[in-house]
Amino acid sequence: MRVVVTGMGIISPIGTGADQFWNAAIQGVSGISNIQCFDASGQHSRIAGQINGFDPSSFLSAKQIDQTDRFTQLALCAANLALEDAGGLEGYAPRRLAVSLGSGMGGFSTFESSAARKLQNKSMPPFTVPRIMANSAAAWIATKHGLKGANLTCSTACSSGANAIGMGLDLLRTGKADAVIAGGAEACVLPLTMSGFEALHALSTGFNDDPARASRPFAKGRDGFVIGEGVGILILEKEEAAQRRGAKIYARLAGYGCACDAAHIVAPDMEGQVAAMQTAIEDAGMTPAQVDYINAHATSTPLGDVVETRAIKQLFGERAQEIAISATKSMIGHSIGASAAIGSIATIMTLHSGTIHPTINLVEADPECDLNYTPNHAIQKKVQTGICNAFGFGGNNASIVFTII
Amino acid sequence: MNTTELEAKVIEFIASKVENVDVSQITTASHFEALGLDSLDTVQLLFDAEEIFGVSFDGEEVKSLRSVGDIVAYISKHPPAV
């Protein structure tokens with residue numbers, strides 16, 4: 001039984017909707033800028049991949065806006081786009097329609113503002129908890145569209161979106177759902193969140209005067225990741241049913257693998273990454289020799305990019321040099337729980353368009369990063385099998401395999 | 001507090017932060033890595049030290065603190081605000 005992608009919805013720092021996002025991506029547009037959404041003058045990292053001009057009042061009532069955090073509003077908007085792209089799912093019984101969403105931080109904007117209110121002994125708005133809870137976005141999507149099947153939320157840091165998509169694949173394969181709205185959403189460009197990542201020395205702090213150059217996966221001089229926000233949503237269906245209803249089919253979701261480093265709570269380990277990729281490829285019924293594109297996790301941290309390079313070399317051997325790799329985060333920053341959902345859309349568009357988007361800011365590569373990362377300019381290349389990697393804190397490694405149909 | 005007292009206090013503090021190392025084995029020459037502390041453990045250590053010693057560990061200098069003696073020297077150079 002094959003599972004396919006029949007719709008996509010995305011909101012990112014470089015575009016809303018798959019076409020706008022992809023056009024910007026292949027042109028190597030940077031979506032990183034100085035933080036405008038709060039006073040970041042006291043932060044060490046003062047840049048982010050922000051979504052400008054997002055107006056929830058264009059699709060939500062004032063009451064609905066009161067009841068939702070930004071991450072839920074973004075997710076709802078992207079789900080609307082994805083369902084529209086898929087032509088709707090009216091032919092399915094509501095109890096057979098599921099949602100599987102990933103988010104690392106959930107409604108953290110509401111958490112931060114609520115904590116501030118509590119410390120000032122102010123009252124709490126009644127929807128404080130429903131806004132903060134990580135399953136809020138999945139619940140709202142289901143409520144808006146009458147999706148009465150399984151409603152799952154996955155929170156595994158930077159791999160949340162990948163695991164959520166994998167869980168969606170499993171729901172279909174085990175017969176628990178006939179269609180799944182799957183993806184990830186994150187809105188964590190926030191003072192406490194950023195200070196937290198800064199305290200871990202994870203964020204880039206050396207490019208505040210030149211934001212567009214800050215996110216530089218695999219490059220010399222990279223100094224940490226750039227925080228970002230965004231959402232990616234896929235509509236997943238069984239291939240036969242999708243064909244029967246005449247759905248547009250973008251790609252096949254062929255495999256999913258997840259493996260825990262069980263080594264360190266934040267530092268990455270090569271073996272776990274190898275295992276995730278290998279498991280995903282095997283799950284797809286394929287071999288490493290068939291992979292010709294990797295949408296890397298590649299966050300622009302000094303350590304992470306090297307470990308991922310080593311993992312790719314370990315798994316693919318000599319062939320690693322022939323695989324085209326690109327790092328979407330070079331343009332949009334790291335949107336944590338949304339990152340793999342956005343990376344999946346980039347992978348699908350790569351398969352669909354025969355164009356590989358660049359890894360920007362790759363003027364001089366780190367000598368330890370010596371694979372083919374599609375530096376600075378998009379290339380035309382027909383690829384048939386792409387892997388999207390997501391390696392999260394907690395040693396949580398997930399990989400997803402997409403193929404052309 | 002004089003230097004000897006400060007050294008003793010810092011050694012006692014470090015001993016409370018490491019595992020499987022007796023306080024008698026720690027000297028000002030002890031490097032954090034040798035005591036089993038990785039880079040993030042060191043960041044956490046300095047965060048806790050701020051509370052105990054009333055000193056702010058901030059700035060470029062902090063990145064080169066690698067040993068017990070480095071901490072003693074830093075605190076001596078940046079006495080707590082009165």
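Start by selecting A:A75, A:A78, A:A82, A:I141, A:L236 and A:I400: these touch the most other members of the largest nonpolar core, which has 134 residues. A nonpolar core here is a set of buried Ala, Val, Leu, Ile, Met, Phe, Trp, Tyr and Cys residues joined through C-beta atoms within 7 Å. Buried means that 20 or more other C-beta atoms lie within 10 Å of a residue's own, exposed means 12 or fewer, and partly exposed is in between, with C-beta atoms placed from the backbone. The model is predicted: local features need pLDDT of at least 70, side-chain atom pairs count only at pLDDT 80 or more, and totals for chains, interfaces and linings use all residues. To find your way, note that residues are numbered from 1 along each chain as its sequence is written, while chains are lettered from A and ligands numbered from 1 in the order in which they are written.

**Stop 1**

Helices (H or I, at least four residues) and strands (E, at least two) are DSSP runs, numbered from the N terminus. The core draws at least three residues from each of domain 1 (3-244) and domain 2 (256-400) of chain A. Now centre on A:A75. Leaving out residues up to four places away in sequence, A:A75 touches A:L101, A:A137, A:I141, A:A185 and A:V231. Contact means that the C-beta atoms of two residues, placed from the backbone, lie within 7 Å.

**Stop 1: chain A as a whole**

Zoom out to chain A, with its 13 helices and 15 strands. The radius of gyration of chain A is 20 Å, close to the 22 Å that the globule rule gives for 405 residues, so chain A is as compact as a globular protein of that length. This radius is taken over C-alpha atoms, and the rule is 2.2 Å times the number of residues to the power 0.38. Along the principal axes, the C-alpha atoms of chain A fill a box of roughly 60 × 55 × 40 Å. Of the 405 residues in chain A, 58% are buried. Among contacts in chain A with a separation of 6 or more, 80% involve residues 24 or more positions apart.

**Stop 2**

The contact takes 60 residues from domain 1 of chain A and 57 residues from domain 2 of chain A. On the domain 1 side, elements that each supply at least two residues include β1 (3-12), α1 (18-26), α7 (160-173) and β8 (230-238) of chain A. The largest share of that side, 7 residues, comes from α7(A). What is the make-up of the side of domain 1 of chain A that touches domain 2 of chain A: how many residues are nonpolar, polar and charged? The residues divide into 32 nonpolar, 22 polar and 6 charged. Ala, Val, Leu, Ile, Met, Phe, Trp, Tyr, Cys and Pro count as nonpolar, Asp, Glu, Lys and Arg as charged, and the others, Gly among them, as polar.

**Stop 4**

Select A:M277, in helix α10 (residues 270-283) of chain A. Is A:M277 buried or exposed? A:M277 counts as buried, with 29 C-beta neighbours inside 10 Å. Beyond its neighbours within four places in sequence, A:M277 is in contact with A:G257, A:A311, A:L315, A:I387, A:N389 and A:S399.

Next, go to A:P94, in the loop between α3 and β5 (97-102) of chain A. A:P94 is partly exposed, with 13 other C-beta atoms within 10 Å. Its contacts, leaving aside neighbours within four places in sequence, are A:G146, A:L147 and A:K148.

**Stop 3: chain B**

Finally, switch to chain B, which has 3 helices and 0 strands. The C-alpha atoms of chain B fill a box of roughly 35 × 25 × 20 Å, taken along the principal axes. Buried residues come to 13% of the 82 residues of chain B. Pick out B:V68, B:I71 and B:I75, which are buried in helix α3 (residues 68-77) of chain B. They cover an arc of only 60 degrees around the axis, which puts them on the same side of α3(B); the arc is that of the directions from the helix axis to the C-beta atoms. The buried residues of α3(B) pack against α1 (3-17) and α2 (39-53) of chain B.

Conventions:
Domain bounds come from an automatic or database domain assignment.
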